[in-house]
Amino acid sequence: MQEYDHQAIESKWRKYWEDQDTYKVTEDPNKPKYYVLDMFPYPSGAGLHVGHPLGYIASDIYARYKRLSGLNVLHPMGYDAFGLPAEQYALETGIHPAVSTANNIKRYREQLSQLGFSYDWSREVQTCDPSYYKWTQWIFTQLFQHYYDTKADQARHIDVLVEHFEKSGTHQVHAATGGEHNFTAEQWQTFTRKEKAEVLMDYRLAYRKIGYVNWCEALGTVLANDQIKDGVSERGGHPVEKRAMTQWYLRITAYAERLLHDLQTVDWSESLKTMQSNWIGRSEGASVHFRIADHDEQIEVYTTRPDTIFGATFMVLAPEHPLVEQITTDDQKVAVDEYLQYVRSRSERERQAEVKTVTGAFTGAFAENPFTNTKIPIWIAEYVLMDYGTGAIMAVPSDDERDQKFAKKFGIDIIDVVDKSDYPGATLHDKVGKIINSGFITGMEVTEAIQVMCTKIEEKELGKSQVNYKMRDANFSRQRYWGEPFPIVYDKEDIAHTLPISDLPLELPPSDDFTPTDAGESPLARLRDWVDFSREMTRETDTMPAVAGSSWYYLRYMDPHNNEAFAAEDKINYWKDVDLYIGGAEHAVSHLMYARFWHKFLYDKGLVPTAEPFRKLINQGMIQGVIEFLYLRKEKTDGEHHFVCASLAANEPESEFARIPVKIEFVKDYGSENSYLDKDGLDQFLAWRPGYKNAIFDCAEGTYQNGVFTSRSGNSLIFYTHSEVGKMSKSKYNVINPDEVIEQYGTDCFRMYEMFLGPLENSKPWDTNGIDGVSKFIKKLWRLFFDGSGQLHVSDEQPSKDEYRIMHQTIKRVKDDIERYSFNTCVSHFMVAVNELRSFKKIKREIAVDIVRLMAPFAPHLSEELWHALGNEGSVHQTTFPEWKEEHLKVSEVTYPISINGKKRGEAAFSAEADKTEIEEKALQLEVVKKWTDGKTVRKVIVVPKRMVNIVVG
């Protein structure tokens, strides 16, 4: 073999590893464990793109390194296989989600195997496998059967709470709840079964309540927030509105304080901890009740600034607040109804993000400020959300930016209550200043006034001091087919019951209709024989969200084939938790928060030995790509979708448009300032997105519709698109297939190049220009071992001091950098070492063995080939990582440039231990020096240690 044949070598060793079960792992109490985990992929039909393997390669390098370092390494892989894309694909093609998902998994497995990862495939899990989701369902039943004891600070069985109610009612109940209950033991005994069930539902960790979903009438489905863009569905650009629906929730808020506190115990980046901390959003303040004039009801608000209550000049309710209908006056009903219709078309994300446009409607009702006794108007506005806090705020326009804009627009009084003149640069949101215009707290500093007001609120029985969290309970329902069925049945009184473990898994019933019902229910609701499975009971028709299966999958890897438990106790106690977890930052507050919550619940039950699931977590950066968008008007023109080219759209407010991504292969000059679609490109787009087949396309040159271009200028059709650099993503249609890169350059080259692109945590653009350099390096390495005729070119001589130094310096540098996850610099060290070793006639066997073992985690196929070429048995990946020795790091000689009167005339090597005097003496004896000093007087010899020698002559 004269040249490096990556295809032959890589296929050979992948088969060898598979045949030999090289990466299979079992529990070994005599070895320390190390658990390396990737955030497992959703297997889409498009397969992997070059951005996906970045984290997988890094984790594989580290897993291989730890394995070579003598640890028992668990490094598994599986698939997050439930979710909307497969179901949407089924709606478009008629192919059942189970079939398309199985095909996609097969494709992913082929690609992952091609990348040479050291996964133990015998532990593979798929969240859509009934043997897996049996335990997802079981964990849900446990959440349903538990409540959170706030005094014990842990989950306890609901029977403990029932026993307390039977003995003492709600007296001294310490429990997280979504309702306010006050009853005696005697009253509890008088409650009906239904009433008791409703009370307990307010305490369960998994519970049902009415929530709001994003309903898209045109698609006939409920959409997640991230499927809505600019008020319309990302798919098709259809209007979306809010709709009330009974759904399942998880009481994650009960764990808020522990989730926040325990962030200090894990080795995560500060930015990630901050994201989670901000999401939890702990605050201290007061709950205050405001009476509604001419009504018996009160409005409860939570405020972190009770010191500003004298400046509360109006109140705002969330449009969905149950009091809105009751308090709206007849003369305001039309305005309120119109506003409610507007709000239904807005996603929560848009309502929270909107800061430029102020909207709202007056209910006609008034509340009473309990400290000023003045009547203040009650408004509704989209910036207040029902699921945040109490769904109501007291508005203090002098001290809150949004409240201030609202008051100015609608002519509401603004009363200054905080003087910040002693605090230059302080903003409205800073809790500093001296209180003014505020009765008995006037003159106090803000911090003192807050404490005084909290005390006064409790004294006047207007409310109480309270710690609050911005985080909301997790909506856990999907009105879709392709997800875990809830293990819940309802009796004739609509009381929920969990299925016993003997009835699990509750498998998805066969179906070929994946559209939700006209009422927005799950497609399962159509299967009446399945729903009404007995005379006494009916089944829940919602399914769990995709995050359900990913909340505990890392535990199933520990014991993936156990039919009696989600994992055996001895195996959980051996592997304990994940030592290194690598995945995208986009999961910082969804998957990670759920997983931490579920883990803590299992910890409370004594089923896992650690309080946190992931010790060390690294968010890899993104491999970025070009994204191309079309501008779509939100309002249709004559009933048709209306696209406007980027050059024309630039003259209008961006809020008028939704941005629709387009495949980059349709776009001419994609990624440039002048990227565009010509007629062929538009036709390709329409064939790809037939929902827009009758759409209007406006550009500067004319209008294109139904295959006809009507020119205004006589020029040909140029429809400019909008380009930007962003995440390489299937949803952005800008992916690059790694298979093509691997076919040309090989897996090991691809692996090393992805690491060489830059620090793991940084985002970086994909650019194939640099991969040639890595390819050339691999060929240089190959030629260290083989001569031009393909014969092994390795010497059995003992390496020189310089060879030892080069090798052991490289070992030390690579080991240090692997330990700090600096894989890009490791590749640089390899390149430097190979270049230096090429200066010797033959590589020495001792050096060759070390460099092969050193590179094994990075280039596993090449290293295996070289390992066996050197005559070794077994796999290089089951040997040991080389160790550096201090004695070999010392430099024996230093080469000095020799200058005469500042001009270099030659070079000479001196002992690294030589002092200045010895170097001066030996330098003067050099032939090159004698040549230039002959017949002249040496005035001075200047020695700069380790740098240069300069001889001054005259």
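**Reading aromatic rings and a hairpin**

Tutor: F643, F666, F685, W688, Y692, F697, F719 and Y733 make up one aromatic cluster. Keep in mind that this is a predicted model.

Student: How many aromatic pairs does the structure hold?

Tutor: The structure holds 69 aromatic pairs. A pair of rings is described by the distance of the centres and the angle of the planes. Take Y62 and Y65: the ring centres are 5.9 Å apart and the planes stand at 55 degrees, so this pair is tilted.

Student: Where do Y62 and Y65 lie, and are they buried or exposed?

Tutor: Both are in helix α2 (residues 53-68), 3 residues apart, which is about one turn of the helix. Y62 and Y65 are both buried.

Student: Why is the pair of F823 and F858 called edge-to-face?

Tutor: Planes over 60 degrees apart count as edge-to-face. The planes of F823 and F858 are at 65 degrees, with centres 6.4 Å apart, so the pair is edge-to-face. It links distant parts of the chain, 35 residues apart: F823 belongs to helix α27 (residues 823-837), while F858 is in the loop between α28 (845-855) and α29 (860-869). Both F823 and F858 are buried.

Student: Which charged residue sits over the ring of F440, and which lies over the face of F533?

Tutor: For F440 it is K456, whose charged end is 5.3 Å from the ring centre. For F533 it is R539, at 4.2 Å from the ring centre.

Student: How many bridges join strands β39 and β40?

Tutor: Strand β39 (residues 938-944) and strand β40 (residues 948-953) run antiparallel and are joined by 6 bridges. V943 stands opposite V949 in β40. The two strands form a hairpin with 3 residues between them, and K946 in the turn has a positive phi of about 65 degrees.

Notes: Residues numbered from 1 in each chain as written. Predicted model: local features only at pLDDT ≥ 70, side-chain atom pairs only at ≥ 80, totals over all residues. Heavy atoms only, no water. Pairing = 2+ DSSP bridges. Helix = DSSP H or I, 4+ residues; strand = E, 2+ residues; numbered from the N terminus. Phe/Tyr/Trp six-rings, centres within 6.5 Å; stacked < 30°, edge-to-face > 60°. Buried < 20%, exposed > 50% of the residue type's maximum accessible area, 1.4 Å probe, protein only. Lys NZ or Arg CZ within 6 Å of the ring centre and 35° of its normal.
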